[in-house]
Amino acid sequence: MSEQHLAVIVLAAGEGTRMRSSTPKVLHEIAGLPMLGHALATATALGAQRVVPVIRHEKDKLEAYINAFYPQAHIVHQDEIPGTGRAVECAINAFPEDFSGAVVVTSGDVPLLDVQTIESMIDVHLSTGAGATLLSATFDNPTGYGRIVRDDSGSFRSIVEERDATEEEREITEVNAGVYVFDFKLLKSALVAIGSHNAAGEKYLTDAAVEILKSGSEVQALEVSDNWLVAGVNNRVQLQEVSAELNRRICQGWMLAGVTITHPETTFIDITAALAEDVTLLPGTHLKGITRIGSGSTIGPEVVITDTQVGSNVSITKSQIAGSVIDDEATVGPFSYLRPGTHLGAGGKIGTFVETKNAVIGVGSKVPHLSYVGDATIGEHTNIGAGTIFANYDGVNKHHTVIGSHVRSGSHNVFVAPVTIADGSYTAAGTVVRKDVESGSLAMSVAPQRNLAGWVIANRPNTASADAANKATE
Ligand code: UD1
Ligand code: CA
C-alpha cells in the first residue's frame, strides 16, 4: 500500500461581500489575529504534509499575510470559476502525483474551530472507511447555512444551500458546518463529475459529498459538540459575536489559571498575550499583541497595552502603552502614554499626564507629572520635576538627552537635546538646560527673552519654516 498522506485545505478565496469592507473578510481580526490566522494555526497544528490556503479575492493582501506568518504553506490561486467546490479542485490539482490519503477542508471564516474536533473527525473517518465525513451543528437560527438532509433512517443524503432550499428544507435546523474530511481519490473524481446547476451558479463543495455518496461510498455527518466551534463569519454582526465568545473563553481560561478579572465583559485579551498567576485585571483593560504581565501586577481600569513586557507587582492605571518594558514594582499612570522604546526600571514611576518615547528610565527613577520624555536615558533614583520637557526635536533631527543618577531636576525645565546632566546634579525651576551640567552642580538659567532676528532663514534654510519666514518678511 502506498503511503497515506494528510493535507489541509483552508478556503479563503471568497469575496466576503457581506462584510462590506475594503479589508478582505478573512483578514478581519478576532482576539488580535486575522480569522485566517486562526484557521491556519489550527491547520498547521494538525501536522499535515500540506497546508493549502486557497486565495483569489484581494490575493496580494492575503499572500502577504500568509508568507509572513506561514511561509511553509502551499498557496493556491483559485481561477475565475466560482464556488467552494472549484476552490478545492484548484487546490488538489496542485497536489503531487503520488498523493493519496485524507484531505481536510476548513474555511478561513470559521475561526473558532479547534484541532481536537478535526482530529476526532479524522479518526472516525479513517476507522469507518467513509468516503467523506463532514461536521454538522444544530442551530436555533440556521439562516444562511446549508441544511443537512437525512433520510428516514437518519443517514446523510444531501446538503441544500439556503438559496436552493424548498420551504420545507429551510425548516431543517441541522446545518453543514463547512468542515470536511475527504478521501483524496474519491474527492478528485467527484469534483470532476459535479456541475454548477444551482441558484448561485457556483461549483459547490457540498455537491461533491453527495456525488461521493452516489458513487457508493459512505458519507457521514458528525454533530459537533459545541456550536461555537463552527460559527461562520459572513458579516460584522457575526464577527462581533464570535469575537465576544472567543474573548469570554480567553478570560475564563486566564481566570482558571489564577488571574482575577473583575469585569470580563469589558476586558479584552488577545490570544497572543500571556499572564502570570495573581495578576488582577480591572475593567476596561485591553492586552494586545505579544504582551506579558508578571505575577502580582494590577492593570486597569482603562488600560490599553500592546506588545509590552510587564514585570511583577507593577501597577498601571488609565494609560496607553505600546512596545515597552516595565520592570518589577514600577507604577504607571493614571493618564500616561508610553510609546515604543520606553523601558521603566524596577520601582520606577511614570506618572500623571506623562508621555514617553524611546526613553530608558533607570531603577527607582521617577517622572511623576506633566512631562514629555523623548529620546532619553535617565540613570537610577533620579527625579524629574513636574512639567519637564525633553526637547528632542530641533525641527529637522531628533537628539538624545542623558541624565545621570540621583539627579533632581526642578519644575518646568526644558532639556534641549543633545545635552547631558551628570550624576548628583540639580537644576533650578524654570531652567532651560542647553549646556551640559557637571556632577554636583546646580544649573539655572534666568534670562530676559531675546529674539534672534533671521535665525530660521540662516540656520534652517530650505525648510517649510524658512519659506514661511521668507514669505512673511517679503
Ligand atoms: C458554506 C457552505 C454551507 C455551509 C457554510 C458553513 C458551500 C456551497 N456552502 O456556505 O453549506 O453551511 O459554508 O459556514 O460550500 N470560498 C472560496 N472560493 C469561492 C467561494 C468561497 O475559497 O469561490 C471560501 C470563502 O472565502 C469562505 C469559504 O469558502 O472562507 C466559504 O464560503 P462562503 O461564501 O462563506 O460560504 P457560505 O455561504 O458560508
Ligand atoms: Ca461562510
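**H381 and other local features**

Me: Buried, exposed or partly exposed: what is H381?
Reply: H381 is partly exposed, with a relative accessible area of 35%. This is a predicted model.

Me: Where does H381 sit?
Reply: In the loop between β30 (372-378) and β31 (389-391). Its phi is positive, about 55°, although H381 is not a glycine. Most residues other than glycine have a negative phi.

Me: What about the phi of H406?
Reply: Phi of H406 is near 55°, also a positive value in a residue that is not glycine. H406 belongs to the loop between β32 (401-403) and β33 (408-409), and at a relative accessible area of 46% H406 is partly exposed.

Me: Back to the β30-β31 loop. What is the state of E380 there?
Reply: E380 is partly exposed, at 39% relative accessible area.

Me: Which peptide bond at P334 is cis?
Reply: The one from G333 to P334, with omega near -5°. P334 is in the loop between β24 (331-332) and β25 (336-338). A second case is the bond from A417 to P418, which is cis with omega near 0°. P418 lies in the loop between β34 (414-416) and β35 (419-421). For context, most peptide bonds are trans.

Me: Changing topic: what coordinates the calcium ion, ligand 2?
Reply: D109 through OD and N234 through OD1, at 2.3 to 2.5 Å. The pair links distant parts of the chain, 125 residues apart. D109 is in the loop between β6 (101-107) and α4 (115-128), and N234 is in the loop between β11 (219-223) and α8 (236-256).

Me: Are D109 and N234 buried or exposed?
Reply: D109 is buried, with a relative accessible area of 14%. N234 is buried too, at 17%.

Me: What is the strand order in the seven-stranded open sheet?
Reply: β12-β15-β18-β21-β24-β27-β29, with parallel pairing. The edge strands are β12 (260-261) and β29 (366-369), each of which pairs on one side only.

Me: How many bridges join β18 to β21?
Reply: Two, between residues 298-299 of β18 and residues 315-316 of β21. I299 stands opposite I316 in β21.

Me: How many salt bridges does the structure hold?
Reply: 16. One of them is E211 with K214, whose closest N and O atoms are 3.7 Å apart.

Me: Why are E211 and K214 about one helical turn apart?
Reply: Because they are three residues apart in helix α7 (residues 205-214). E211 is partly exposed at 21% relative accessible area, while K214 counts as exposed at 68%.

Me: What about R249?
Reply: The side chain of R249 meets that of D226 in a salt bridge, 2.8 Å from N to O. That pair links distant parts of the chain: R249 is in helix α8 and D226 in the loop between β11 and α8, 23 residues apart. R249 is partly exposed at 27%, and D226 is partly exposed at 22%.

Me: And which residue does D394 pair with?
Reply: R460, at 4.0 Å from N to O. D394 lies in the loop between β31 and β32 and R460 in the loop between α9 and α10 (464-473), so the pair ties together parts that are 66 residues apart in sequence. D79, R86, E89 and K203 are joined into one network by salt bridges that share partners.

Me: How many disulfides turn up?
Reply: Zero, in a search of the whole structure. As for the cysteines, C90 counts as buried at 11% relative accessibility, and C251 is buried at 0%.

Me: How many residues of α1 are buried?
Reply: Eight of its 11 residues, so helix α1 (residues 35-45) is mostly covered. Among the buried ones are M35, L36, G37 and H38. Just after α1, G47 takes a positive phi of about 70°.

Me: Last one: which residues form the nonpolar surface patch?
Reply: Y426, L442, M444 and V446, with about 480 Å² of accessible area together. M444 is in the loop between β38 (442-443) and α9 (455-459). With a relative accessible area of 56%, M444 is exposed.

Note on methods:
Residues numbered from 1 in each chain as written. Chains lettered and ligands numbered in written order. Predicted model: local features only at pLDDT ≥ 70, side-chain atom pairs only at ≥ 80, totals over all residues. Heavy atoms only, no water. Patch = residues over 30% accessible without salt bridge, like charges linked within 9 Å, V, L, I, M, F, W, Y side chains within 5 Å. Areas by Shrake-Rupley, 256 points an atom, 1.4 Å probe, with all protein chains shown as cover. Helix = DSSP H or I, 4+ residues; strand = E, 2+ residues; numbered from the N terminus. Buried < 20%, exposed > 50% of the residue type's maximum accessible area, 1.4 Å probe, protein only. Donors = N, O, S within 2.8 Å, 3.2 Å for Na, K, Ca; no water. Pairing = 2+ DSSP bridges. Disulfide = S-S within 2.5 Å.
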